[in-house]
Amino acid sequence: MLTFNFKKLILENPNGLMLDLGCGEGRHIFGVMEEFPNLQCIGLDPHIKSLAKAYEGLDFLESISNKKTNFLSGSAYSLPFPDNSFDLVVCSEVLEHLHEYKDAIAEVSRVLKPGGSFLASVPAEFPEKICWALSKDYQNEPGGHLRIFNKKSLIDDITQNDFQFKYSERFHSIHSAYWWLRCLFWETQDSNILIKAYKKILEIHILKKPFVIDQIDKILNPVLGKSIALYFTKK
């Protein structure tokens with residue numbers, strides 16, 4: 001499940017180098033490789049178990065790409081790369097987990113080449129506020145979300161690091177209600193019949209993209225999209 005539309009992305013150097021910061025199991029690297037098979041991709045994440053899962057899919061990833069892929073353990077606050085290394089940096093659903101997210105943005109600016117693209121996504125403000133209102137446990141979950149981002153404020157934080165804002169999009173509107181249900185029935189969410197049924201609908205949408213569900217998702221995205229994706233270019 002991707003939080004960016006890579007088909008819209010135009011890179012100055014589609015044969016260069018990409019970093020997925022907070023790559024998890026590598027889903028956005030897969031999305032990038034589908035559109036840019038000549039882009040060498042590096043995934044970085046501090047979570048060793050997620051990186052192990054990413055390595056399990058390495059053969060498949062490299063079967064759709066003309067370049068090798070690397071996964072590394074590391075910190076967003078001190079990226080192990082020289083200045084001006086990357087043509088594209090993707091950071092999906094990461095900044096809301098970081099205590100010093102502005103330091104991570106500064107590091108992205110350091111390692112991204114002038115003219116390179118930076119794609120950042122975070123939970124959208126309105127759906128996230130409802131989650132926080134419904135469940136204190138959601139707020140306090142270890143490793144969870146530390147803040148609710150306001151779109152304009154986050155854009156300002158990023159543009160202060162030599163970035164030019166291009167445009168934004170919202171994604172995954174039908175996931176918002178799923179998380180509201182989980183928050184509402186937090187203590188029993190694993191056994192709740194309604195949540196299980198809704199999860200099945202989401203799985204069908206992700207795997208098969210039925211036309212009706214997909215259209216509902218797209219129609220509601222501008223208002224209820226769970227994630228907001230921001231697209232920038234480094235000056």
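Phenylalanine 163 counts as buried, because its relative accessibility is 1%. This residue belongs to a predicted model, in which a search of the whole structure finds 16 aromatic pairs.

**Aromatic pairs**

- Phenylalanine 163 forms an aromatic pair with phenylalanine 118, and this pair is tilted, with 5.2 Å centre to centre and 40° between the planes.
- The pair links distant parts of the chain, since phenylalanine 118 lies in strand β5 (residues 112-123) and phenylalanine 163 in strand β6 (residues 163-171), 45 residues apart.
- Phenylalanine 118, too, counts as buried, because its relative accessibility is 1%, where the cut-off for buried is under 20%.
- Tyrosine 55 and phenylalanine 71 form an aromatic pair that is edge-to-face, at 5.5 Å centre to centre and with 70° between the planes.
- Because tyrosine 55 lies in helix α2 (residues 48-56) and phenylalanine 71 in strand β3 (residues 69-72), this pair ties together parts that are 16 residues apart in sequence.
- Phenylalanine 71 counts as buried at 3% relative accessibility, whereas tyrosine 55, at 44% relative accessibility, counts as partly exposed.
- Elsewhere, Tyr138, Tyr178, Trp179, Trp186 and Tyr198 are linked into a cluster by ring pairs.

**Helix α5**

- In helix α5 (residues 125-134), the buried residues are Pro127, Glu128, Cys131 and Trp132.
- Seen down the axis of α5, these buried residues fall within an arc of 140°, and they therefore line one face of the helix.
- The elements against which the buried residues of α5 pack are β5, α6 (136-140), β6, α8 (173-184) and α10 (211-224), and among these β5 and β6 are the strands that hold phenylalanine 118 and phenylalanine 163.

**Nonpolar cores**

- The largest nonpolar core has 32 residues, and the residues with the most contacts inside this core are Leu19, Phe86, Leu95, Phe118 and Leu154.
- Two or more residues of this core are given by each of β1 (17-21), β2 (40-44), β4 (86-92), α4 (101-111), β5, α7 (151-159) and β7 (227-234), and the largest share, 5 residues, comes from α4.
- Leaving aside its neighbours within four places in sequence, phenylalanine 86 is in contact with Leu17, Met18, Leu19, Ile42, Phe81, Val111, Leu112 and Lys113.
- A second, separate core of 23 residues includes Leu9, Leu39, Phe71 and Leu88, and Phe71 is also the partner of tyrosine 55 in the edge-to-face pair.

Note on methods. Residues are numbered from 1 along each chain as its sequence is written. This is a predicted model: local features need pLDDT of at least 70, side-chain atom pairs count only at pLDDT 80 or more; totals for chains, interfaces and linings use all residues. Side-chain values use heavy atoms; hydrogens and water are left out. Rings of Phe, Tyr and Trp (its six-membered ring) pair if their centres lie within 6.5 Å; planes under 30 degrees apart count as stacked, over 60 as edge-to-face and the rest as tilted. Helices (H or I, at least four residues) and strands (E, at least two) are DSSP runs, numbered from the N terminus. Buried means under 20% relative accessible area, exposed over 50%, partly exposed in between (1.4 Å probe, protein chains only). The arc is that of the directions from the helix axis to the C-beta atoms. Contact means heavy atoms within 4.5 Å. A nonpolar core is a set of buried Ala, Val, Leu, Ile, Met, Phe, Trp, Tyr and Cys residues joined through side-chain atoms within 4.5 Å.
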